[in-house]
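Please keep the view open while I talk.

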Amino acid sequence: MIFNVNKNKISNKATLLISILSLTFTLTAYSKADEKRYKEIIVANGGCITGTVSFDGDIPPTKLLPINKDHEFCGKEPRPSPVLEIHQVNKGIKNVIVSIEDIFEGKHFDMSGIRPLLDQQRCTFIPHVLVITAGTTVDILNGDNLMHNVHSHCTKNSPFNEGTTYKQRLSKRFDFEETVKISCDVHKWMSAWIVVKENPYFALTDEEGRFTIEVVPPGTYKLQAWHESLGINTKEINLGPNEELKVNFSCNQK
Amino acid sequence: MAEKEEKKSYALLYLIMCVALIGVTIWAIWNETFTRRPWKQYQGRYSRLEEQYLKDKYIRLKEEFESPDVQAEYMEVKKHLDEAKSSLYSPNTKRYYEGLLTENRILEEKQLPPLMFDANAARSELLEQKYLYSVDHSEETLKKIHDLEETISKLENRIEATKNREEELGGRIAEVTSEVSKHAKQLGTFTEKMDKVQDAFVSVYQKHATIQTYQVYFEEMNEADRCMTCHLGINRTESVSTEQPYAIHPKREFYLGAHPPERFGCILCHNGQGRATASPEKAHGEVEYWLTPVLRGSEAHTSCIKCHPEESNLQGASVASKGKRLFKDLGCYGCHTTKGFEKYEAERIAPDLLELPHKVYAEWLPEWIRNTKGFRPDTRMPDFKFSADEAVAIAAYLWQNASTVPLPLKIKADEKGSVEEGKALFENIGCLACHKDGEKGSSYAPNLSRIGDKVRYDFLVNWLVDPKIIQAKTNMPNLRLTDEEGIHIATYLSALKGSELGVSAETVKELNNPQKAEEGKKLIDWYGCFGCHQISGTEGKGKIGVELSSIGSKPIGQFDFGINEKAILQKVGLRFVEENTFKARKAWIAEKLRDTWQFDVGRYKTHAEKLKMPYYNLSPDEIDALTVFLIGLTDEELPYRFWYTVSDKKRAIEEGRELVEKYNCTGCHQFTPDKITLVDNTKLVGVIKLKEEDNLYLQLWEENVPLEKKVGETIPVSFAQIKEHIPAEGGDIIPLIRSHFEEEGLLPEEANVFAPPRLYAEGKKVQPLWLFEFLLKPIGLRPWLKVRMPTYEMSSQEATKVAKFFSLIENEDYPYVDIEEIKKEYLEEKEKKFPDYLAKAKVLFEAKDVNCGSCHVQGSKTPEGDPSEWAPDLSLARVRLRPTWITKWLLDPQAIEPGTKMPRFFRTGELQDYFPGTPEEQATAIKDLLMNFSVMSSLGELAKTGF
């Protein structure tokens with residue numbers, strides 16, 4: 001069956017893995033690109049990719065987002081936009097997803113039982129960017145004592161738009177690889193991204209723009225850096241056995 | 001000297017005569033039995049085919065039956081049956097069973113008959129005594145009557161007792177044998193199908209070809225239809241063979257289901273010579289001079305219109321329906337009188353030409369007339385192949401005979417606006433729903449790619465802001481633009497130019513030459529420009545073309561094929577026109593539509609004798625559709641009993657649909673979802689979100705039970721799985737609006753919010769009375785939308801029809817909606833369960849965790865933030881929305897309008913502090929509050945929004 005993906009409800013560690021496997025299995029049922037689905041193997045002589053994603057050129061002034069309603073909870077002052085955060089010293093860019101796109105077998109990824117959180121505090125989504133693997137359930141919280149709505153702009157995954165109340169927890173599962181924008185239509189300045197990946201070879205850059213991807217089987221890959229406003233940069237890399245490869249990306253505004 | 005008569009021998013003559021007589025007799029018998037009854041062969045052949053078919057079917061069933069799996073099952077059942085039988089025949093049961101049978105037999109044969117006999121005898125005697133009593137009135141007779149009555153009643157009691165006993169015995173017998181009969185019945189199911197096939201085979205095998213024909217007789221037409229004498233398999237449920245004439249009718253259920261051949265015959269739709277049975281050619285009327293040769297395939301679509309003249313989109317008659325629509329859209333009735341199109345004649349299909357000098361540039365006009373398709377390749381205006389001189393002459397007449405009444409150009413447009421702002425407005429206010437700019441947009445209205453070469457800027461500004469005061473009959477709606485917006489858009493449009501028109505200054509001067517105008521007038525009269533345009537000085541002129549009301553019956557000899565007759569006929573396999581009048585007529589019409597002046601080629605003709613129909617540059621499909629439609633315009637009228645009676649509801653829907661087409665509502669609004677049927681016949685209804693190489697993602701709009709998927713969920717579907725896809729209807733502008741906002745940096749899903757609202761199931765959503773008012777005087781409902789619902793200035797009759805259409809297609813009440821929510825009894829009932837019902841609902845409505853007012857306008861009360869972030873005015877809900885829809889919407893907005901900004905609030909166990917209850921009860925409470933809203937706030941606020 002193709003459509004049984006959503007029937008399983010993950011409740012504990014074991015079923016998560018099973019469901020991910022069953023997802024992989026069920027997806028193969030209808031797609032021509034059977035061999036392109038990710039397979040878990042034992043990785044021998046795995047290498048490691050590290051590096052920095054930095055901004056090319058002068059650091060643009062931080063955009064300020066006006067707060068035009070619910071000042072009691074959200075504050076009055078315009079706040080810096082979380083869209084493009086550049087480190088003042090090394091120009092590293094935060095919230096870039098570096099990932100290997102064309103890898104179809106590799107490490108076992110144990111996200112079992114982990115339910116990543118997407119919180120809402122003082123009218124901001126925390127974290128701003130969340131990367132998960134397909135089949136993961138995200139818990140969405142509301143830490144503000146007012147109504148937010150969480151609106152997912154999905155095309156492959158089933159979209160939702162739920163009004164959330166104070167201290168409420170909502171669980172939503174993402175089954176297909178997709179970059180999903182999350183917004184709150186009540187507070188227009190609020191935005192977040194849930195990026196769903198099919199393989200576990202991804203990393204999110206920190207404040208200084210650094211990333212590390214580990215246990216990568218030796219080979220030639222396409223390494224991709226995605227940023228919500230700077231777009232996609234790709235690099236061809238060649239990773240030897242047990243190698244620690246350094247790859248730096250430098251991006252600018254197009 | 002002549003021989004004596006007696007001596008002459010006539011033996012030889014007799015012999016010859018005798019042989020001849022025998023010969024003729026044999027020939028007569030042969031002719032009568034075989035030559036003149038070819039259907040006997042067909043019937044024989046059909047029987048053989050049917051035998052073969054049944055044989056094959058039997059073998060298939062037998063193989064199935066003999067397969068190990070089935071055999072195992074069969075043996076299992078058989079074993080059970082044997083067991084049941086042996087237990088029935090075990091000594092004890094057997095004795096009991098036989099005892100029952102014996103007693104039953106004794107009752108039935110020995111006891112019951114004498115009792116019945118006695119009772120009948122007594123009844124007869126009673127009748128006799130009753131008669132006697134009426135004669136003699138004696139006490140003795142009376143006594144006898146009483147005795148007899150007593151006897152009869154006793155006998156009847158005994159009979160009943162016996163019958164009861166018999167019934168009881170029957171029950172016991174059934175009980176004893178129940179196991180056996182159950183298994184025997186089950187065993188029978190294995191061979192049941194085979195037995196049926198076998199029986200069918202025997203009856204076919206014993207059937208012989210008859211000398212009888214099968215006939216349907218149409219008394220009022222004095223026509224006999226004998227087609228099914230040979231077309232034996234036409235209305236069978238199973239196809240015996242695909243060989244002709246034995247095949248089953250294509251889409252039999254659909255066509256013959258509604259038109260059973262026993263009543264409609266075949267010739268009503270397919271023509272031919274219904275009586276003829278002597279040969280297929282004769283039966284099909286494909287013989288010289290026959291007036292109605294057979295119609296095959298889509299040609300027969302034309303017959304549908306004869307009994308279904310009112311329906312514009314006839315299912316199963318797509319070709320003829322398309323032809324009919326083309327005939328109307330191309331305005332053929334402007335030059336050709338045609339029955340059924342009189343109602344469109346009042347409105348000419350092309351613009352009035354009364355204000356030309358105010359509207360267009362002088363250098364544009366002659367060039368346009370000379371070569372319309374050169375300037376605008378997709379124009380509806382046909383090509384008259386005018387010479388440059390003729391074009392100037394016509395242009396001169398039009399230029400000099402414009403209306404003398406000054407145009408109401410109210411807005412002074414001395415200065416130009418901004419091209420960028422004009423472009424942005426043009427792209428997102430909705431112009432592209434009807435017009436094209438380059439390749440982008442719709443071809444409902446003129447292509448605007450070179451509008452800057454044609455229309456004067458000041459005219460454009462005024463036209464955009466209020467088209468109807470310039471041309472009352474135009475379909476161009478009023479977009480309620482401000483003067484400034486009009487100026488911006490006009491500035492953008494004026495910049496849309498093509499290559500040089502190449503018209504010299506001398507030519508432009510000629511437009512004012514009265515002599516030229518005189519020449520032009522002659523041309524206008526000759527070519528009948530007034531068939532489509534209003535032109536001053538041509539008022540009251542008749543149509544210039546021949547009447548087409550019965551072109552399908554026009555004698556074939558009256559069609560002038562020109563000198564290429566042979567070549568034209570050869571293409572359809574004819575040697576001369578009378579060989580097949582239908583094919584010849586069809587070929588002529590198709591050729592006329594393809595190359596209208598070809599019949600003049602190579603002949604000497606004066607100007608007045610020449611053909612004048614212009615070139616329409618039709619595609620082969622369009623030519624075919626028009627031809628099929630035209631050949632059906634005959635003077636034959638079918639008896640009324642065959643006509644389809646359109647129900648009031650259907651007619652109302654049809655009228656509404658016509659208006660939806662007229663105003664091009666589908667240019668903006670999507671009316672139906674995508675419908676997909678999978679290979680395994682699962683039906684999916686939804687909206688396609690994304691197409692990839694191998695699959696697409698469909699968000700469901702209707703629940704799918706077999707897949708356990710709810711409305712609003714997205715599922716992947718691989719292209720390989722799709723058997724049939726009926727694409728969504730309408731919403732032509734949605735992709736353009738989306739790409740406009742995607743270019744501004746939004747994601748596709750975010751951009752979706754800016755699309756015009758989908759009208760799928762709109763009748764379930766809005767109250768018809770409100771829709772009526774809205775259509776007459778639209779207001780902005782969704783503050784975030786850039787695209788604008790125009791004011792069509794439709795008549796109230798038209799608005800009524802459209803509002804009715806939406807209600808009727810959803811089987812909803814029209815025009816009154818019962819709002820029980822505002823009634824005392826309803827609210828009192830609610831109070832019983834929820835004290836302070838509406839006040840509590842208001843608490844929920846205003847709760848910080850729901851806070852409807854955070855986004856929604858409520859009359860004069862507006863939310864914080866930018867107006868583009870606001871949501872529709874809730875004070876309108878009471879008059880605008882159907883209450884049942886509100887509840888459904890509140891429970892799951894995504895399920896009704898995928899991608900909507902409206903979140904879902906009511907989930908089990910939540911918001912209990914404000915309004916304790918289930919999500920349904922909470923949503924109902926909000927609905928009830930909204931329906932009582934105007935009472936709770938102030939009625940004055942509604943007045944401000946137009947109600």
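Predicted model: local features only at pLDDT ≥ 70, side-chain atom pairs only at ≥ 80, totals over all residues.

Between chain B and chain A, about 3,600 Å² of area is buried, and carbon and sulfur atoms give 52% of that area. Within the part that chain B buries against chain A, B:Lys848, B:Glu864 and B:Glu869 supply 14%, which is more than any other three residues. In terms of contacts, 42 residues of chain B touch 40 residues of chain A.

Looking at polar pairing across that boundary, there are 19 residue pairs in polar contact between chain B and chain A, both residues being at pLDDT 80 or more. The elements of chain B that give two or more residues to the side touching chain A are strand 7 (683-691), strand 8 (695-700), strand 9 (714-718) and helix 27 (748-752). Of these, strand 9 of chain B provides the largest share, with 4 residues.

Let me turn to the charged pairs. Side chains of opposite charge can pair when their charged atoms come close. Over all chains the count comes to 68 salt bridges, and between chain B and chain A there are 4. One salt bridge joins the side chains of B:Glu750 and A:Lys181, at 3.1 Å from N to O.

Another is formed by B:Arg904 with A:Glu162, where the closest N and O atoms are 2.5 Å apart. Because B:Arg904 lies in the loop between helix 35 (893-896) and helix 36 (919-931) of chain B, while A:Glu162 lies in strand 12 (residues 161-164) of chain A, this pair joins two chains.

B:Lys423 is partly exposed, with a relative accessible area of 36%, while B:Glu427 counts as buried at 9% relative accessibility. In chain A, the side chains of A:Glu208 and A:Arg210 form a salt bridge at 3.3 Å, N to O; A:Glu208 is partly exposed at 28%, and A:Arg210 is partly exposed at 42%.

Chain A as a whole has a secondary structure of 2 helices and 21 strands, and of its 254 residues 56% count as buried. Among contacts in chain A between residues at least 6 apart in sequence, 66% join residues at least 24 apart.

Finally, is B:Ala803 buried or exposed? At 1% relative accessibility, B:Ala803 counts as buried, and this residue is found in helix 30 (residues 796-809) of chain B. Leaving aside neighbours within four places in sequence, B:Ala803 is in contact with B:Pro768, B:Leu771, B:Phe772, B:Leu775 and B:Tyr814.

Terms used: Residues numbered from 1 in each chain as written. Chains lettered and ligands numbered in written order. Heavy atoms only, no water. Buried < 20%, exposed > 50% of the residue type's maximum accessible area, 1.4 Å probe, protein only. Contact = heavy atoms within 4.5 Å. Buried area = accessible area lost by both parts, 1.4 Å probe. Polar contact = N/O pair within 3.5 Å; in protein donor to acceptor, adjacent residues only side chain to side chain.
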